[in-house]
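Subject: Structure handover

Hello,

Here is the structure for you to look at. My notes come after it.

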Amino acid sequence: MFKFRVIFKQVFLKNIKSPAYLIMILMPIVMIGITLGVSRLMNHSKDPVRIAVLASQPTEQAELQQLKGNTYQINQQITTQEQATKALQKEQIDGYLVLSEEKGQTVSRYYQRKDSPSFDASILENQLNQIHLVALAQQAGVAPEQIHNLMTPTVIAPVTVNYQNGHQEISRENTKEVSQIISIGITVLMFIFIVNYAGMIAQEIATEKGSRIMEIILSSVSIETQFFAKIAAILALLVTQMVVYILVGIIGFQILKQYLPLAELLPVIRRALVAPAMWYAGLFLIIGVLLYTVLAAMLGAVVSRMDQVQQAISPLILLGTLSYLGGFLLASQPGMPVLRVVSYVPLFSQIMLPVRLANGDVGTLGASMGLLVAMVTLIGLTYFALLIYRMNILVYSDKGIFKALFATYQQHKEWHQ
């Protein structure tokens, strides 16, 4: 155990202090900061949203058209929903508000194009609530039902519309927006982690082997101890990076909520954090990185020089890229049969199944089955990788990666004859 801790500590401290690891941690944080800064500047500089307001009663509509706000500008020439629909289609307005009576209550719906600018409807909501309260207060003989209506605020429900061949269609993307954001985040983070940590372990092993230090290390430490200590160190680096991101996210949210209206996002964030998709994504992330790390360690043991590392791990990078692209496709087109089958295949499932789970395309039972298959595969690949590692870690050859693996297979076959 002492030798295990020594190797673990050496690999962990060496990589956590390296510029590549620090850049890998800081780059997403810097990119998010730049994106938020640009978004804030754009929000301050954008023009008021052009809208139209429609009501069932002419007197009520005339009153609504007199409303004014800094975030919107009402087109008073539009008085019917047909005019509003045509104006929205021709991009003469950015959206239109429709007030109607449903079951004795006033219901407001805001229709907008998919590419319409974002509209902060809070000011308009407050104005509509004031009109509603005044109208109810002016009524004589207030009944209990009317008091309930008086205390019920008017909430604007955004409705995104698309136009296909001149026909208006209501988009269903509003309900999936949060899920798609989670899906894209899962896809990007997993691809970054897989590529970086696979390359890190392969370079670590190839560097020691190419400098002939490996003979000295293995003279006092068993191959199994060295192999698993390096894998454990890589896993510790992954956990460290995840903890840093969680802490930065908590601190960043506390800072941003002082400058941006984020209170309405709190329920969404809470639901996202306790959702099964987030927990399964974390488990798949650890299993996926370990799968690629074990295979990268095996390939790193096969090469003889440092300049052969990229060639050795290129098949892994290709598999990671394919799973990355598959995750993006599943985020937008979850019904593709081929990708739904491939999403259960280890080395692909670590990205694809969390995306499907976040989109509601698969349940926790299906995700659990995929996770179980990935864990069993990890155990089998670890045994296989350790076998290849043991047979090649002290072998120096310029035959090439595939020839070296084939020679290992032939040697292993001869031993068991």
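Below is what turned up, starting with the cores and ending with some loop residues.

One caution: this is a predicted model.

**Cores**

The largest nonpolar core has 67 residues. Tyr197 and Phe227 have the most contacts inside this core. Helix 11 supplies the largest share, 18 residues.

Take Tyr197 as a way in. Beyond its neighbours within four places in sequence, Tyr197 is in contact with Tyr21, Met24, Ile234, Leu237, Leu238, Gln241, Val289 and Thr293.

There is also a second, separate core of 16 residues. Val49, Tyr72, Phe119 and Leu128 are among them.

**Helix 11 against helix 12**

The axes of helix 11 and helix 12 are 8 Å apart, and the two pack at an angle of about 160°. Angles over 145 degrees count as roughly antiparallel, so helix 11 is roughly antiparallel to helix 12. Their crossing is right-handed. On the helix 11 side, the residues that meet helix 12 are Tyr292, Leu295, Ala296 and Leu299. Their partners in helix 12 are Ala312, Ile313, Leu316, Leu319, Gly320 and Ser323.

**Helix 4 and what follows**

Which residues of helix 4 (residues 81–89) are buried? They are Ala84, Thr85, Ala87 and Leu88. Seen down the helix axis, these buried residues fall within an arc of 165°, so they line one face of helix 4.

Glu91 follows helix 4. This residue sits in the loop between helix 4 and strand 3 (95–102). Phi of Glu91 is positive, near 65°, and the residue is not a glycine. At 45% relative accessibility, Glu91 counts as partly exposed.

Look for Leu347 in the loop between helix 13 (337–342) and helix 14. Is Leu347 buried or exposed? Leu347 is buried, with a relative accessible area of 12%.

Gln65 lies in the loop between helix 3 (58–64) and strand 2 (72–74). The cut-off for buried is under 20%, so Gln65, at 10% relative accessibility, counts as buried. Leaving aside neighbours within four places in sequence, Gln65 is in contact with Val53, Ile74, Asn75, Gln76, Ile78 and Thr79.

Best wishes

Conventions:
Residues are numbered from 1 along each chain as its sequence is written. This is a predicted model: local features need pLDDT of at least 70, side-chain atom pairs count only at pLDDT 80 or more; totals for chains, interfaces and linings use all residues. Side-chain values use heavy atoms; hydrogens and water are left out. Buried means under 20% relative accessible area, exposed over 50%, partly exposed in between (1.4 Å probe, protein chains only). Helices (H or I, at least four residues) and strands (E, at least two) are DSSP runs, numbered from the N terminus. The arc is that of the directions from the helix axis to the C-beta atoms. A nonpolar core is a set of buried Ala, Val, Leu, Ile, Met, Phe, Trp, Tyr and Cys residues joined through side-chain atoms within 4.5 Å. Contact means heavy atoms within 4.5 Å. Axes are lines fitted to C-alpha atoms, for helices over the stretch in contact, and angles run from 0 to 180 degrees between N-to-C directions. Angles under 35 degrees count as roughly parallel, over 145 as roughly antiparallel, 65 to 115 as roughly perpendicular and the rest as oblique. A crossing is left-handed if the near helix is turned anticlockwise from the far one by less than a right angle, and right-handed if clockwise.
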